[in-house]
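Here is a short briefing on one structure. It covers a domain contact, then a helix pair.

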Amino acid sequence: MVDGRYFFPHSARFVPARAAIIGRKALRIESLDAVMLDEAPLRDVRVSARLGRIARRFEMPNGGCFETDDNDGADDMLRGARRHSGQGWVDRLERSWRTVALSVLLAGLAGYAFAVWGIPAIAAVLALDTPASISKMMSDQTMVALDGAYLQPSKLAAKDRDKALALFARVAAAEPHGKNGYHLMFRGGGIIGPNAFALPDGRIVMTDELWKMVKNDDEIEGVFAHEMAHVNHAHGLQRVYEASLVPATIAVVTGDVSQVSQLSVILPGILVQSAYSREFEQQADDDAAVTIRSIGGHPSHLGDLLQRMEDKLCGKEGCGPSWLGSHPQTSIRAERLRSEDTAKKKQP
Amino acid sequence: MSSAEAAAAEKAAPTVYTLEFRGTGSEYFRIWIVNLALTILTLGVFSAWAKVRTWRYFYGNTFIGDHSLDYHASPWRILIGRTIAVSLFIGYEVSGAFDPSYALPWLLVAGFAFPWLVNSSLRFNARNTSYRNVRLNFTGRYFEALIAFVIWPIAGIATFFLLEPAARRARDLFFTNHHTFGGRPFHTDFTPWNIYAIYLFGLLLFVVLAAALAAGVWANFHILEKAHGLASNSFVVGASYAALFVAAYLFFLMLGPIINTMVLNLSLNNTVLDARHKILSDMSPLVVAWITVSNGFLVLFTLGFFYPWARVRLRRYETRKLAIMMDGSIDDYASEAFGTQSAVGEEIGSFFAFDFGL
């Protein structure tokens with residue numbers, strides 16, 4: 001006998017009631033003064049799965065419903081009739097601290113592995129599979145947006161342009177996409193100042209301000225090689241895919257987007273992403289060092305230029321710690337690039 | 001019962017039932033993490049069961065008076081719906097990878113299917129929700145959904161969000177006025193001016209915050225850097241700017257929840273069931289915004305593990321501030337007859353992250 005309440009078929013009207021299984025075959029519902037209210041073969045009754053402390057429901061075939069808060073009593077009654085209520089094993093797992101601890105471990109490991117290997121790997125595959133037409137469309141849009149908001153027409157003299165183009169072609173010849181795989185574009189930096197950046201389709205933008213800071217050919221060749229490496233690895237596209245994969249993953253893990261939405265989805269996205277793009281910068285620096293060495297230059301000069309750019313922008317003490325920005329700390333990058341020079345000496 | 005007594009009972013003051021959430025964070029944590037682990041181990045298949053268990057947990061612990069809500073969806077139907085949704089998504093992705101122009105027919109079909117998705121999603125959830133053995137239902141038609149979820153939003157964007165509050169109102173009215181409980185309609189109405197007032201207030205708040213931020217930056221620059229001669233990259237100046245922008249960021253994040261809660265209050269406080277039972281909503285926009293934003297940070301700093309407590313915390317507050325003023329008994333309410341329904345629309349909808357609820 002299990003105590004609860006009985007709702008009449010399809011109705012909100014209810015009375016206090018008791019349920020019992022008769023001869024292992026039928027579920028009988030009686031009022032407290034033993035008047036029979038409902039009876040049905042047990043196999044036709046839908047029993048809800050046990051979950052936390054919520055009420056247990058026995059849905060009768062005629063639309064009546066017996067409901068009880070006595071979960072243990074309901075389980076005992078069903079066990080007596082050798083009837084399993086579905087998902088009982090899930091409930092047992094949910095109530096055991098051992099499986100809860102194991103689950104925490106599993107979810108933590110899976111989440112970590114996915115963030116460290118899964119997302120970058122998926123983004124890389126998607127980025128390299130992206131058709132050229134899409135890269136071009138995205139690059140066009142980015143260029144239009146930048147030209148409209150920040151960049152200005154270049155005021156560089158023709159002789160400087162020719163020189164830059166010649167150096168650019170020299171570096172491009174040593175890169176996998178060859179001379180026609182990359183295009184140099186000149187712009188006035190406006191509030192962006194001295195900078196260079198790559199677009200997914202191979203366009204590389206250099207600002208006049210950057211050109212004016214360059215002291216020797218190795219320096220600007222280093223910049224070109226660095227930006228071409230971004231193009232080769234489709235870093236721009238990878239960043240776009242990562243940006244959409246991170247929130248999507250969080251939504252899957254938490255099981256719904258609406259509740260904690262905005263913040264927990266956007267913020268880690270930004271943080272994780274800046275960690276990813278730091279790796280991109282390092283990869284581009286490393287590739288640039290190899291290219292520059294192969295055409296007989298010194299990677300350390302790129303390091304010098306980076307350091308000079310930062311000194312100009314932020315003063316001697318640097319812009320801030322590396323975990324804040326998308327680029328690794330400049331002094332670390334410069335150091336790394338300088339060590340590439342000696343790498344060359346070791347293996348000429 | 002004498003006729004005098006009967007008349008008194010007839011006139012009895014309506015009873016106010018405050019909603020109550022009886023679940024706890026630690027209980028939900030165990031359910032959440034075990035279901036998450038099972039979902040990972042089964043490569044996503046178990047997610048359909050996990051979803052049903054989660055919804056049942058939240059509904060089954062939400063009490064109005066002595067009775068809880070209940071959720072009845074079948075995990076198998078949800079699994080089928082999810083499989084179809086994932087197949088469609090893969091089809092779209094693969095054909096788009098060959099040639100971006102192949103994606104166009106998909107988007108066109110999605111556009112036409114959208115109102116249907118909205119309706120079947122809302123209907124699936126309503127029909128699988130019950131209170132005291134009586135089911136809810138949703139009766140929205142294709143063209144009504146088209147107007148509320150496609151035409152109005154387009155009008156909102158086309159007018160640079162001038163019509164956005166009106167679009168929100170149309171969506172809320174569509175949502176509430178097509179829900180029924182035991183065949184009795186829910187009904188809400190409020191004037192466009194009511195909702196425009198809320199959005200104007202939000203705009204004002206935004207302007208005030210932006211002005212405060214600008215004033216802070218000005219003070220930093222002129223007082224700290226110029227008057228005290230501190231270097232722009234010194235610790236004090238850096239920390240001061242950081243504090244300023246973090247505070248501004250927090251306040252801007254709270255704007256959304258504040259507006260949403262005010263609109264929700266407006267809509268709910270005008271909602272009546274069966275022309276008798278009134279819904280009362282007394283959620284404080286500031287408190288909801290605070291809970292939402294602080295939850296976000298707690299979830300972030302615990303790498304997601306605070307999520308169950310965050311969700312329970314918000315639900316607790318919301319239910320505590322919701323009440324139903326019942327004018328007379330609902331004993332004679334009964335479920336309408338309708339067949340069980342497939343979860344395809346609901347799952348396609350939620351897979352593509354449409355949030356149809358209020």
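In chain B, seven residues of domain 1 are in contact with eight residues of domain 2. Contact here means that the C-beta atoms of two residues, placed from the backbone, lie within 7 Å. This is a predicted model: local features need pLDDT of at least 70, side-chain atom pairs count only at pLDDT 80 or more, and totals for chains, interfaces and linings use all residues. Residues are numbered from 1 along each chain as its sequence is written, while chains are lettered from A and ligands numbered from 1 in the order in which they are written.

- On the domain 1 side, helix H2 (25-41) and strand E2 (62-64) of chain B are the elements giving two or more residues. Helices (H or I, at least four residues) and strands (E, at least two) are DSSP runs, numbered from the N terminus.
- H2(B) gives the most to this side, with three residues.
- The domain 1 side has six nonpolar residues, one polar and no charged. Nonpolar covers Ala, Val, Leu, Ile, Met, Phe, Trp, Tyr, Cys and Pro; charged covers Asp, Glu, Lys and Arg; the others, Gly among them, are polar.

**Helix pair**
- Helices H6 (residues 142-158) and H7 (residues 164-177) of chain B have axes that come within 8 Å and cross at roughly 170 degrees.
- H6(B) is therefore roughly antiparallel to H7(B) (angles over 145 degrees).
- Residues making the contact include B:Trp152 of H6(B) and B:Phe174 of H7(B).
- By class, this contact has nine nonpolar, one polar and three charged residues.

Key
Axes are lines fitted to C-alpha atoms, for helices over the stretch in contact, and angles run from 0 to 180 degrees between N-to-C directions. Angles under 35 degrees count as roughly parallel, over 145 as roughly antiparallel, 65 to 115 as roughly perpendicular and the rest as oblique.
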